[in-house]
Amino acid sequence: MSGHSTYEPKSGFERWLDVRLPILRFANDTVVTFPTPKNLNYWYTFGGILALMLGIQIVTGIVLAMHYVPHIDMAFNSVQRIKRDVNYGWLIQGMHANGASMFFLAVYVHMFRGLYYGSYKAPREVLWLLGCVIYLLMIITGFFGYVLPWGQMSFHGAVVITNLIGALPIVGPAITTWLWGGFAVDDATLNRFFSLHYLLPFVIAGVVALHIWALHVPGNSNPKGVEVKSDADTVPFHPYYTVKDGFAISVFLLLYASFVFFAPDILGDAVNYVKANPLVTPAHIVPEWYLLPFYAILRAVPDKLLGVLTMGGAIACLFVLPWLDTSKVRSMRYRPAIRLWYFIFFVVCIILGFCGAHAPDDQLIRGVAGMQIGDANINSFVWLSRFATLYYFAYFLVITPLIGLTETPLPVPESISEPILSHPAAMPAGAAASPEMRG
Amino acid sequence: MADTVVGATPDPHASGDDPNRRDFIHIAAMAAALGAVGGLAWPMIDQMNPAGDTLALASIEFDLSKVEAGQQVVVKWRGKPLFVRHRTPEQIAAAIKDDNAELRDPQTDEQRHKEGKAEWLILVGTCTHLGCVPTVGGGDYGGWFCPCHGSVYDTSGRIRKGPAPKNLEVPTYAFLSDTKIKVG
């Protein structure tokens, strides 16, 4: 799928440029003629959406940095000034803050799509690993960005997260002090977080370039999970997927715009409109919605160090997934045995999000007394998050490897085109079809 | 398969060289995309213009009673120096005497102060050459002398020698009372 080029320079200038810097050839082979499986559905449009969101975050972020002041006495007011006094600042700040949420929404769809269709399996392990690196960088960048407005939630969120590292034995406290640049989250911390928040998106852009490179070597996976066998299985990227991605982007932008224009603060926490005060912690500390599941996993474990390690392990599971999955069949379309477990896993992630949003001791079912089990009442969010955490890890470490070994998958189509072409109405009589053969 | 290739099937509603439906969709889609990009580009450009709070601070009030005759007080206005000079009768006379001299940027002294307030000269304190701050009392005319490239202004702030093209700018200002002005 890669290596051959169909680019033909049309003008004298293009021929001249092509032997010096074949940038037009590269662009043509990447986004114009690139042979793409013809059966990609709308779940596959989120890669393009993510590229757009990264671009929007970088552009609006560069603009915000022109007005933002990374100083503990001025940061909060400078963000308020951006919203009130800077020309179109309300729009640009709203695009950036809500853009982070939309970025994470899109990346979660992108990841769940990859899980369902087995996009991480050979020969796409490196592609998947690079995606995990991007996701990790997004979490770190999002965290740094959330600290910058210097509201109460910004400040105390930063305190809690940096203190997590203090859980590491021996070196923990020293690393925490090093991160802070002082004895607490303070001006030095804010300055370095601002610097890194500006830097990391460009690192992400670099890894995205590698991610797309690693995509274009084996080519796209697809909902059937069988590799491209012939030209009949593909269509050129343009116009088929430029138009399809374009339509998906338009719909996605409608959702994004409805947040920016009609509910710019609905995804944030009202407490963050109170300027940071190191002397008073808000009653209820929660991260942004996109990190709530990991926050729930952290709090599910009653031990500080083990909690941090469990939370890290939740992300580490993603990295090793290509080697945990023992099934040779990529797409879950042909793996009925695991499909239900997959949907339960999806629901469990949502449940973990709800658990993260509630205080651990909040009653799950109001008014039911429940009973004390161990350190907490069974009718509480902490026990729910423990069961959910257990399932989260079981899905990766037990269910995925075991089902791959024991399942009987459905017959996998011979090729992407085969089921259509073998249909009696679409094919001349007598055409060979053997759906029972594996791809 | 063959009938789905772009452009392979002529639009049955098209006639001759008239644009067909597909052309219309292409043009409409590209126009919408360009409109959206343009609409977003403007906020990204306009945000660099002065913000609301910057514009709100753009005018200042100044009490003249503390400036003695022959003195100049420099205050900051819109990030730049503002000269408030209390001229002596001799300096005013010198300025009026030169009203008919050969001037690069001809203006009478009358035009450079408020009516009946000849002793008060209010000027933007940046040289009209390249923006340095001229020193008061320097040069051959007892007005200002710019240390950067040697422009010389007279006691009316008019350019008399050196590379500067214009007289020192008189900002928009008004007397709120006999001793108070509002600049900007």
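This is a predicted model: local features need pLDDT of at least 70, side-chain atom pairs count only at pLDDT 80 or more; totals for chains, interfaces and linings use all residues.
**View 1. Domains of chain A and the contact between two of them.** Chain A is split into domain 1 (1-33), domain 2 (35-285) and domain 3 (299-413). The C-alpha centres of domain 2 of chain A and domain 3 of chain A are 24 Å apart. Contact between these domains involves 33 residues of domain 2 of chain A and 30 residues of domain 3 of chain A. Together they bury about 2,800 Å², with 69% of this area on carbon and sulfur atoms. On the side of domain 2 of chain A, F112(A), Y116(A) and K121(A) account for 25% of the area buried against domain 3 of chain A, more than any other three residues.

**View 2. The largest nonpolar core.** This core holds 107 residues, and the members that touch the most others are Y135(A), F345(A), Y392(A), Y395(A) and F396(A). Helix α5 of chain A (residues 89-116) is the greatest contributor, giving 15 residues. Domain 2 (35-285) and domain 3 (299-413) of chain A each provide at least three residues to the core.

**View 3. Surroundings of Y395(A).** Leaving aside residues up to four places away in sequence, Y395(A) touches M332(A), I338(A), W341(A), Y342(A), F345(A) and T400(A). Of these residues, F345(A) is, like Y395(A), one of the core members that touch the most others. A second, separate core has 13 residues, among them F62(B), V75(B), V124(B) and Y173(B).

**View 4. The three-stranded sheet of chain B.** The strands form an open antiparallel sheet in the order β2-β3-β4. At its edges are β2 (72-77) and β4 (120-124) of chain B, each pairing on one side only. From one strand to the next, the twist averages 20°. Strand β3 of chain B (residues 80-86) and β4(B) are joined by five bridges in the antiparallel sense. H86(B) has W120(B), in β4(B), as its bridge partner.

**View 5. The interface between chain A and chain B.** Here 16 residues of chain A are in contact with 17 residues of chain B. The two chains bury about 1,300 Å² between them, and carbon and sulfur atoms give 63% of that area. The chain A residues that lose the most area to chain B are D85(A), N87(A) and Y88(A), which together make up 36% of what that side buries.

**View 6. Domains of chain B.** The domain assignment divides chain B into domain 1 (20-49) and domain 2 (54-183). Between the C-alpha centres of domain 1 of chain B and domain 2 of chain B the distance is 49 Å.

Methods:
Residues are numbered from 1 along each chain as its sequence is written. Chains are lettered from A and ligands numbered from 1 in the order in which they are written. Side-chain values use heavy atoms; hydrogens and water are left out. A nonpolar core is a set of buried Ala, Val, Leu, Ile, Met, Phe, Trp, Tyr and Cys residues joined through side-chain atoms within 4.5 Å. Buried means under 20% relative accessible area, exposed over 50%, partly exposed in between (1.4 Å probe, protein chains only). Helices (H or I, at least four residues) and strands (E, at least two) are DSSP runs, numbered from the N terminus. Domain bounds come from an automatic or database domain assignment. Contact means heavy atoms within 4.5 Å. Two strands pair if DSSP finds at least two bridges between them. Axes are lines fitted to C-alpha atoms, for helices over the stretch in contact, and angles run from 0 to 180 degrees between N-to-C directions. Buried area is the accessible area (1.4 Å probe) that two parts lose on being put together, summed over both.
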